[in-house]
Amino acid sequence: MKLNKKTVFLFFIILIFTVLSAAFFSSVWHYMLGSTPKPHIWLLVCLYLLLHRPLPQSLPQGYVILFFLTYFSSVSVAYLWLPFLLLSFVVYFIKSRVFWPGARYFAILSIAFTFGFEVLSYLTFYFTSGKLLPLRPIERFFELFFTVALSPFVYSVLTQIDRMFAEESFSEVGRIED
Amino acid sequence: MISLPLVSFNTQRSPFAEGWYDKPFSMLASASAHLFYGFASSVQETTRLYLDLINIKHKNALLKMENTELKTRLLQLQETLQENTRLRSLLEFKTSTRMDLVAAQVISHDLLSDHNTLQINKGEAHGLKEGMAVITLDGVLGYIFRPQQNTSYVMLITDRYAVVDGLVARSRARGIIEGRGGSACTLNYVEKSEDVQAGDLIVSSGLDNIFPKGLPVARVSRVENLAYAVSLKVDLEPVVDPDKVEEVFVITNAQNNDLTDRFISSAENEAE
């Protein structure tokens, strides 16, 4: 795997996008819409990285993004990294069998990815603390709904960033290393 | 034909006299005059209406703009009034209490819905430290768990990691308030023989060295005395709604204040 300056710069841009969106949803969104469930833009970014980067590259990049998210929440990074790790293998497995580039595929996978992340976070917390989190099905449904609804927008933004700053696209199916 | 004008001179009568032939002619004349007058006046009226319409349209647009501007200003004034009232109560509270307080504003909420934290615009540079109590005029909000240089993260009492030592204001039954995530918390380890009822006010006991004694924390929403459980199952509803909080106080020095009388009497009055 080559880790050149361009890859690092591109990741840096995506990281800035994620951090800005996290700041927006933790501050502006709340003041405008109160306790309305927030979309998980950061999950979409992680999914995009898993789909459009080789796994050895997307995994650490996802970890870094999730680490930065802990500055917008009291969540322990382990509760984000573990579900992400498990889901990254699932996504890689799906990608190696069914993949077509485009917003529709991204939206379909974002439903499964967001749902999977919610379930795995819930279970991780239960198995590590012995406590059950409140289910809040309506709130979780709307989180999922807003996340999926925003997935085409996020996909187009990230694709644009990729096009602007990268020479090649990393959408090779089942590719592990460059 | 030539003599006809002369004849007419002869037939000239008093201008007030009316001949038999005058009536139909005068009727015809007045009718036609009326007709033309009506036409003329309606044309004038229509023209005036049209001109007025243009003016009205213009005035309407101006008034609409003015109305929107006034509405916006009214909203701003109402917002300022509310802010003013809030700040005045905060100031009154700050001046009337013996505790050392630092006022702060809420700048963001937790990104993840399973966690209940918020960020305030004061940090270590303003003397804030980890474990300091964060309150509002209504009662306990949470405590500082991650102070930064100019901001601090506040863990709300509803967060699943939050723990506050509390007691029932009415019966003095003790328990540990633990966050459940979402917008609720529970009072744990309350002996089954204790007297706890729905609607009871739970206050801080002061034993956790975070909150001074007597600050309202939550109200009992449900009590269950399960046969197989070793303690009562007490569900609580916090007195402070974190979604509506904009300004908070951080207690930098409680000076062993006992706020039982101050808060409980006002809280009981509100409940009644």
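**Cavities and barrel**

Analyst: The model is predicted. The count comes to three cavities of 30 Å³ or more.

User: How much space lies in the largest cavity?

Analyst: Rolling a probe the size of a water molecule over the atoms shows where empty space is left. For the largest cavity, that space comes to about 190 Å³.

User: Which residues are the closest to the centre of the largest cavity?

Analyst: The lining of the largest cavity holds 18 residues. These divide into nine nonpolar, four polar and five charged. Closest to the centre are A:Phe117, A:Glu118, A:Ser121, B:Leu112 and B:Asp114.

User: Which element gives the largest share of that lining?

Analyst: Elements giving two or more residues to the lining are helix 2 (41-52), helix 4 (77-97), helix 5 (103-129) and helix 6 (137-165), of chain A. The largest share is four residues, and it comes from helix 5 of chain A.

User: In what order do the six strands of chain B close into a barrel?

Analyst: Strands of a sheet pair through backbone hydrogen bonds, either parallel or antiparallel. In this barrel of chain B the pairing is antiparallel, and the order is 1-2-5-4-3-12. Neighbouring strands of this sheet are turned against each other, direction ignored, by an average of 45 degrees.

User: What is the bridge partner of B:Ser108 in strand 2 of chain B?

Analyst: In chain B, strand 1 (residues 100-109) and strand 2 (residues 117-120) pair in the antiparallel sense over three bridges. The partner of B:Ser108 in strand 2 is B:Gln119.

Conventions: Residues are numbered from 1 along each chain as its sequence is written. Chains are lettered from A and ligands numbered from 1 in the order in which they are written. This is a predicted model: local features need pLDDT of at least 70, side-chain atom pairs count only at pLDDT 80 or more; totals for chains, interfaces and linings use all residues. Side-chain values use heavy atoms; hydrogens and water are left out. Two strands pair if DSSP finds at least two bridges between them. Axes are lines fitted to C-alpha atoms, for helices over the stretch in contact, and angles run from 0 to 180 degrees between N-to-C directions. On a 1 Å grid over the protein atoms alone, a cavity is a set of points where a 1.4 Å probe fits but cannot get out, and a pocket is an open set with protein on both sides within 12 Å along at least five of seven lines; lining residues have an atom within 4 Å of a point. Grid points are joined across faces, edges and corners, and a volume is the space filled by probe spheres set on the points. Ala, Val, Leu, Ile, Met, Phe, Trp, Tyr, Cys and Pro count as nonpolar, Asp, Glu, Lys and Arg as charged, and the others, Gly among them, as polar.
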